[in-house]
Amino acid sequence: MFTQKILMSAITALCLTLVSNSSAALTIEEQKGLDISIEAKKRDLGWQDSMSDMQMLLRNKQGQESIREVKMKSLEVLNDGDKSLTTFNKPRDVKGTAFLSFSHPVVSDDQWLFLPALKRVKRISSRNKSGPFMGSEFAFEDLSSFEVEKYTYKYLGEEELNGLTNFKVEQYPVDENSGYTRRIVWLDTKEYRVHKIDFYDRKDSLLKTLTFSDYKQYLAKYWRADKQEMVNQQNGKSTVLTWSNYAFKTGLKESDFNRNSLKRAR
Amino acid sequence: MTVLLEIAVKTKFKGSVTAIAVCASMLLAQPLFAQEVASDIEFETTGNIALEQRYFSDEGLYPQQLSHSQSSLSIEAELYWQWNEGSDSVIFTPFYRIDSQDEERTHGDIRELAYVHASDDWELRLGIRKEFWGVTEFQHLVDVINQTDGVEDFDGEDKLGQQMVNLSLVNDWGIVDVFLLPGFRERTYAGEDGRLRGPLVVDDNMVSYESSAGQQHLDFALRWAHSIGDFDFGSYWFHGTNREAYLSPSLQTTTSDLTQYSLQQHYAQMDQLGVDVQATLGDWLWKFESIYRTTSIEDFVATQAGFEYSFIGVFDSNLDLGLLMEHSWDSRGEVELGEQGSLMQNDLFLGARLAFNDMQSSELLMGIGSDLDHNAFSFILEANRRFGDNFIASVDVRLLQSNDENDLLKSLNKDDHLQLSLAWYF
């Protein structure tokens, strides 16, 4: 089982390398942008599964605050997008609501919602990428897993950020349903951790800025930022996302991500 | 307040849960020591208390009915225990409503009291539970396991808890659920003082069953559900007591000299085949439900089919707009008032759902139903919004209109109402 996973992980890494080499007719900047993104993805492969708690602090221009709490379980699926199960805890009125997603890098994701009041499982459209997640400044697409195929790239240069040398890479979403024309991403040259993302809306004006802080390393390999702050530059609202209780390789299986597990998710 | 509370050794719940846990472990032939079980039991409690106020624009059509205003208070709590990292759990959901006018609406129910054991590819669920089937919005045709708590609301979405043994098997080719359903629940109906009822009150003391086992008939259901790409399929066979009663007028002897009629309930045995399909294609959701029901009295086919289309971020904002259209059809066609049949024999429904995606999760839902065989309309509007962190306020408007003497809606002609509610979630 484990050797198989390691093997699959190696194959995925190899595939990523092939993607990089086979993409002909790219400019030097495009090639470098792609290579950096592939390297970042490669460094984050092989975590198998993870569990974590997420808290969101929503703040509007007047300073009013509201809290969201969710629990997340994810399963790494090699050569496809990851599977995830999200359970809502706060606000209280949505407690017990759960969301199951099978993401795919190119074709649309499969998503189901469990509504506890009616005990109803509802298949929902995954087209809604640009919409806000639980009224926050995070769109659904901002919370989905990073897949190389989701963007095309352009390397913009190096820049100092948080006392580290960063690659600055521009990403253009492939999906026409994305709410963005482009994102500019800062990744440090040492560990390929994302430190900042600027999001540009459909009219190509700066919409939001996301900053990552309090990075921790898990299993001596995987870096996760405990804190992510999204500031909407156009309306002054912000959302602070705090992660806790991260655990990897906890032994989650395919069977933890089906209709039955969705119905009893806690 | 954290939601999940580690049960300390001193909590009063420990004893009973441990007992259940031990029984369950014995049942599943997995010897566990009580101490071990108790040590990692997690307990949480949630629920809501809601205040509801209805205003009817007109006086009731029938003399005993309440005149304009009806208030009520409801509470639903959910107590939940889990152990073995969630593989075993017990849920208890009691519900109670007090109504100021309709004594039939003052009622309680155990919505859930069940033990669930989840394994990798199977799940066993024992006790009182709620099970929903279906994909459409304006009518839940294939949903058959639970009895409707008809006195709760007009839309029939509230259900009474159903006793069951349910084994769920997960296969590569879909999930198969087997249900054994002992103990039938009678539907709840508005009382004499209540609104939203026909001219005759349904008598809950005059109930008959086709089966000699009566309420104790053991019902059975087998369902298969699977997702293949963009399609979600469900199909089932149900054998047992019809959840819909055949209602017939009968003479009621009263203490006074006056003779009065009320409706007697007769629950027949039925066999029902059901199918539900949803295709999720980009912004389109295509939905189809159909049943074939056979009883000693009649055989019929009914369908509910339609679509939902979503516009994401309309008017350059965060608003999502969903447009819905569904059609209901029933092979029994138009029926005389008092005859058996469906109100939704050839009806068209249009709806619009607006989600504001704001901090308060504001939502607006509108729907119009129209009977294509004769002149009858219904209109619903539902709006809700969160206040603070724990309150939800809702406004519902329901308008019902019919010119056809044969239509049940005609007897609800004076029941247009506005409903306000405020719920506190804990």
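## Strand pairing in chain B

In this predicted model, strands S11(B) and S14(B) run antiparallel and are joined by 11 bridges. Within this pairing, Thr241(B) stands opposite Gln269(B) of S14(B).

S11(B) also pairs with S10(B), which covers residues 219-228; nine bridges link these two strands, again in an antiparallel arrangement. Ile228(B) has Phe231(B) in S11(B) as its bridge partner. The two strands form a hairpin with two residues between them, and Gly229(B) in the turn adopts a positive phi of about 55°.

## Extent of the interface

Chain B contributes 51 residues to the contact and chain A contributes 39 residues. Between them, the chains bury about 3800 Å², of which 46% lies on carbon and sulfur atoms. On the chain B side, the greatest losses of area to chain A fall on Asp120(B), Phe132(B) and Met359(B), which together account for 16% of what that side buries.

## Polar and charged interactions

Between chain B and chain A there are 14 salt bridges. One salt bridge links Lys119(A) to Glu112(B), with the closest N and O atoms 3.1 Å apart.

The largest share, three residues, comes from S3(B). By class, this side of chain B comprises 17 nonpolar, 14 polar and 20 charged residues.

Terms used. Residues are numbered from 1 along each chain as its sequence is written. Chains are lettered from A and ligands numbered from 1 in the order in which they are written. This is a predicted model: local features need pLDDT of at least 70, side-chain atom pairs count only at pLDDT 80 or more; totals for chains, interfaces and linings use all residues. Side-chain values use heavy atoms; hydrogens and water are left out. Contact means heavy atoms within 4.5 Å. Buried area is the accessible area (1.4 Å probe) that two parts lose on being put together, summed over both. A salt bridge is a side-chain nitrogen of Lys or Arg within 4 Å of a carboxyl oxygen of Asp or Glu. Helices (H or I, at least four residues) and strands (E, at least two) are DSSP runs, numbered from the N terminus. Ala, Val, Leu, Ile, Met, Phe, Trp, Tyr, Cys and Pro count as nonpolar, Asp, Glu, Lys and Arg as charged, and the others, Gly among them, as polar. Two strands pair if DSSP finds at least two bridges between them.
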